[in-house]
Amino acid sequence: MMQDDHFKFSTGVIIYPVFFVLAIWLVFWFEVRFGFNFSRYGVYPQTLKGLRGVILSPFIHGDIQHIYHNTIPLFVLSMALFYFYKPIAWRVVLFGILFSGFLTWCIGRPSYHIGASGLIYVLVSFTFFKGVFAKHFRLIALSLLVIFLYGSMLWYAAPVKEGISWEGHLSGLVTGLLFAFFFRKEIAKPKKYVWEQESYNEEDDPFLKHFDKDGNFIEHIETEEEQTKIHYIYKEEPKDKK
């Protein structure tokens, strides 16, 4: 993929995040409207039946406060993902749900783990670490912005508050970090300047020619054109004969 293909806005940058948000709100509305409780479809660790929650749990939320706190980060982070990492965005989302959900199933307490927070932690972790590893100035700026906005979420990857699935959060962080190492191709590469290329020769650099071997500035450099001497020969015009 060419460098110019990166960082281009498309309708998917908005449509896909809106789709994610509408999906979780539609499920929540269905629960409230018809009196269902889908919590039992969440991840229940170390049980065969609980594996179905690996796929279903991101769409299930316990109450209005739970879904509200997940809505804005999910929208913002997924929008950033589809803009800055468009070639791999769907893989990060889909594999992020599967891997973080399965890891939660492996390490979680015997309880139902629900919510899109696992995916959100995947996006936070991936966006931050990938920007640092890529060393591209735009991706690094995105990493700093993400850690500024959502850096406090790191506290909830530890058992600091009862009733919160810190195992799901921790699984998302670990998954995002692994993805930052794994997805190396199709990422915008930092621009290489002339002096960073293998074919670069200091002696041919027009800027460095203004300095001598001791680093002193040379105000005037004779160029080949200046060294070329042009000789003119004038022939006297013959006088007219009378």
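## Terms and model

Buried residues have under 20% relative accessible area, exposed ones over 50%, and partly exposed ones fall in between (1.4 Å probe, protein chains only). With that in hand, welcome to the chain.

The model is predicted: local features need pLDDT of at least 70 and side-chain atom pairs count only at pLDDT 80 or more, while totals for chains, interfaces and linings use all residues. Residues are numbered from 1 along each chain as its sequence is written, and side-chain values use heavy atoms, leaving out hydrogens and water.

## The chain as a whole

The chain holds eight helices and zero strands, where helices (H or I, at least four residues) and strands (E, at least two) are DSSP runs numbered from the N terminus. Along the sequence this gives the pattern α-α-α-α-α-α-α-α.

Of the 242 residues, 36% count as buried. The chain exposes about 16800 Å², with carbon and sulfur atoms supplying 63% of that area; accessible areas come from the Shrake-Rupley method with a 1.4 Å probe, and for residues only the protein chains shown count as cover. Contacts (heavy atoms within 4.5 Å) can be sorted by sequence separation: among those in the chain with a separation of 6 or more, 75% join residues 24 or more positions apart.

Angles under 35 degrees count as roughly parallel, over 145 as roughly antiparallel, 65 to 115 as roughly perpendicular, and the rest as oblique. For handedness, a crossing is left-handed if the near helix is turned anticlockwise from the far one by less than a right angle, and right-handed if clockwise.

Start with H1 (12-34) and H3 (residues 64-84), whose axes come within 8 Å and cross at roughly 160°. H1 and H3 are therefore roughly antiparallel to each other, and their crossing is right-handed. On the H1 side the meeting residues include Val13, Tyr16, Phe20, Ile24, Trp25 and Phe28, and on the H3 side they include Ile67, Thr71, Leu74, Phe75, Met79 and Phe82.

H4 (residues 89-107) and H7 (residues 166-182) also pack with axes 8 Å apart, here at an angle of about 135°. That angle makes H4 and H7 oblique to each other, and the crossing is right-handed. Among the H4 residues that meet H7 are Phe95, Gly96, Phe99, Ser100 and Leu103; H7 brings residues including Gly168, Leu170, Ser171, Gly172 and Phe179.

## Residues along H5

Serine 117 lies in H5 and counts as buried at 12% relative accessibility. Not counting residues up to four places away in sequence, serine 117 touches Asn70 and His169.

Isoleucine 120, also placed in H5, is buried with a relative accessible area of 2%. Leaving aside neighbours within four places in sequence, isoleucine 120 contacts Asn70, Pro73, Leu74, Leu77 and Met153. Its C-alpha atom is separated by 9.6 Å from that of threonine 71, which is 49 residues apart along the chain.

Where does its side chain reach? The side chain of threonine 127 reaches the backbone oxygen of leucine 123 at 2.6 Å, a polar contact in the sense of a pair of N or O atoms within 3.5 Å; within protein, one must be able to donate a hydrogen and the other to accept it, and residues adjacent in sequence count only if both atoms are side-chain atoms. Beyond four places in sequence, threonine 127 is in contact with Tyr85, Leu142, Ser143 and Val146.

## Loops to look at

Most residues other than glycine have a negative phi, and most peptide bonds are trans. Glutamine 46 has a positive phi near 60°; it sits in the loop between H1 and H2 (53-56) and is partly exposed at 47%. Phi of lysine 135 is likewise positive and near 60°. Lysine 135 belongs to the loop between H5 and H6 (137-150) and is exposed, with a relative accessible area of 61%.

Leucine 48 lies in the loop between H1 and H2. Is leucine 48 buried or exposed? Its relative accessible area is 73%, so leucine 48 is exposed. The C-alpha atoms of leucine 48 and tryptophan 105 are separated by 9.7 Å, with the two residues 57 residues apart along the chain.

Methods. Axes are lines fitted to C-alpha atoms, for helices over the stretch in contact, and angles run from 0 to 180 degrees between N-to-C directions.
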